[in-house]
Amino acid sequence: MNDIVTIKGLKYGLQLTFAKGASFDDVQANLLDKLQSGNNFFIRGTTVFVPKGSFAEEQTEALRKMFHRHGMLFSTELKRPNLAPPSRDNVKTPAPKVKEAVDEAQKMMVINRTVRGGQEITANCSVLICGNVNPGAQIIAGGSIDIRGTCRGFVHAGAFGDKTACVVADRLMPVQIQIADIIARAPDEPEKVSQAERAIIKDNTIVFEPVSR
Amino acid sequence: MSQILVITSGKGGVGKTTTTANIGVGLAMRGNKVALIDTDTGLRNLDLLLGLENRILYDLVDVTSGRVQYKKALVRHKKFENLYLLPTSQIKDKSAVNPEQLVKLCEEMKKEFEFIIIDCPAGIEQGFKTAIAAADTAIVVTMPEISAVRDADKIIGELGRADKENVKLVVNRIRQQMVEKGDMLDMNDIDEILSIACIGQVPDDESVVVATNRGEPVITMSNSLAGQAYKNIVARICGENVPFLKPPKEGFFARLKKLFGLL
């Protein structure tokens with residue numbers, strides 16, 4: 001069964017090749033299995049290359065989503081990531097440069113403390129916070145934001161227009177949340193949050209969905 | 001080994017000065033030699049709480065500017081012989097003292113005193129930066145109220161930026177009835193946001209106002225709950241492990257009222 005997908009480690013990511021004749025559903029199930037098994041290959045922030053033309057467009061898109069959901073980057077082209085920091089202009093012209101921002105997002109900034117009111121973290125890349133984000137704090141990231149704690153501040157993921165960016169927190173209760181150019185605010189009546197959640201863009205609005213971790 | 005504590009809060013009116021006076025008196029009652037330094041230049045209050053206003057001759061600004069020796073400016077407390085106050089000027093403003101001067105002064109005073117407690121002004125500007133410069137332990141005072149907790153959070157962040165890692169929390173003016181009704185933040189809510197070690201939970205107590213106006217800190221009143229809470233804080237500063245006060249049992253009439261309230 002394991003031969004349906006072959007994983008080859010490259011300098012800047014993982015290349016996937018698929019057994020001839022394997023159906024898309026088998027490949028997807030197989031990959032999901034691997035992703036959920038906690039395999040050491042699939043570390044958050046790793047880029048996964050799937051050769052162009054392996055699958056139909058919507059199928060490739062489904063794979064892209066699956067990898068994004070697991071914190072990985074997805075690419076159909078085998079190329080060295082461009083590590084130059086994207087400039088602020090990207091916000092105005094997101095379409096051609098999103099790619100660049102996505103590549104940038106594979107780096108990750110780790111903050112090993114609680115971010116308190118009045119403090120601000122800005123990064124071109126993704127941000128991992130091992131601590132809380134308190135009310136009055138701001139996190140702005142070019143990539144995704146992962147908070148191992150409670151998020152009560154203001155978070156903005158995909159600041160350069162990357163709509164695939166997400167925000168994950170053990171308890172996600174931000175005052176305001178922004179992904180790319182879409183903003184949502186907390187409900188006026190505070191809700192009790194008991195489970196880890198992820199915020200992503202679905203149909204041009206930000207939705208929260210439970211995740212296990 | 002002497003300790004330098006700074007009592008700070010960010011927000012005004014949460015009880016920094018009251019806490020300073022009570023911890024100072026408490027430590028002195030235990031036989032420690034204690035100096036209190038008021039750094040709230042221009043808005044000094046600590047002398048009033050201790051009932052020492054009429055004994056002030058020189059102030060902190062006179063000392064830091066080199067006009068007099070600090071020993072000349074110290075005011076000894078009338079009841080507790082181990083307790084001294086270094087008052088500040090009521091005429092000058094916060095820019096009259098800078099951090100280096102205070103650090104130097106504290107270094108000198110360390111030789112004489114076991115505890116030096118610095119009363120910090122509200123805010124995060126120069127007065128705050130001066131007050132925290134010399135301290136090795138910071139005690140952040142807050143109240144169960146979102147604005148006070150938010151400001152305490154900010155202050156803890158600022159203390160971290162100034163490399164003050166030893167930060168303790170005192171929650172002041174807790175109203176147990178309101179907490180039980182869910183109208184006031186409880187300790188869990190506060191702990192969750194601030195996540196630093198709490199060394200005191202002081203109930204809101206009318207006797208604090210009485211004590212302030214009389215110039216005798218509430219810790220000297222044996223029948224006051226707030227006084228007892230401050231005694232416990234002092235014990236914890238001295239390294240003792242004291243459990244937190246339990247809320248007082250409701251009297252018969254209070255229970256009766258509550259019963260009718262429910263019906």
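Residues are numbered from 1 along each chain as its sequence is written, while chains are lettered from A and ligands numbered from 1 in the order in which they are written. In this predicted model, local features need pLDDT of at least 70 and side-chain atom pairs count only at pLDDT 80 or more, whereas totals for chains, interfaces and linings use all residues.

Trainee: What percentage of the residues of chain A count as buried?

Mentor: A residue is buried if 20 or more other C-beta atoms, placed from the backbone, lie within 10 Å of its own. Chain A has 213 residues, and the buried part comes to 36%.

Trainee: In what order do the four strands of the open sheet in chain A stand?

Mentor: Strands are DSSP runs of at least two E residues, numbered from the N terminus, and two of them pair if DSSP finds at least two bridges between them. S1 (5-10) and S4 (73-75) of chain A each have a single partner strand, so one side of each lacks a neighbour in the sheet. The pairing is mixed, and the order is S1-S2-S3-S4.

Trainee: Which residue in S3(A) is the bridge partner of Gln15(A)?

Mentor: Strand S2 (residues 13-18) and strand S3 (residues 47-49) of chain A run parallel and are joined by two bridges. In S3(A), the partner of Gln15(A) is Phe49(A).

Trainee: What distance separates the centres of domain 1 and domain 2 of chain A?

Mentor: Domain bounds come from an automatic or database domain assignment, which gives domain 1 as 2-75 and domain 2 as 103-210 in chain A. Taken over C-alpha atoms, their centres are separated by 26 Å.

Definitions and conventions: Buried ≥ 20, exposed ≤ 12 C-beta atoms within 10 Å, placed from the backbone.
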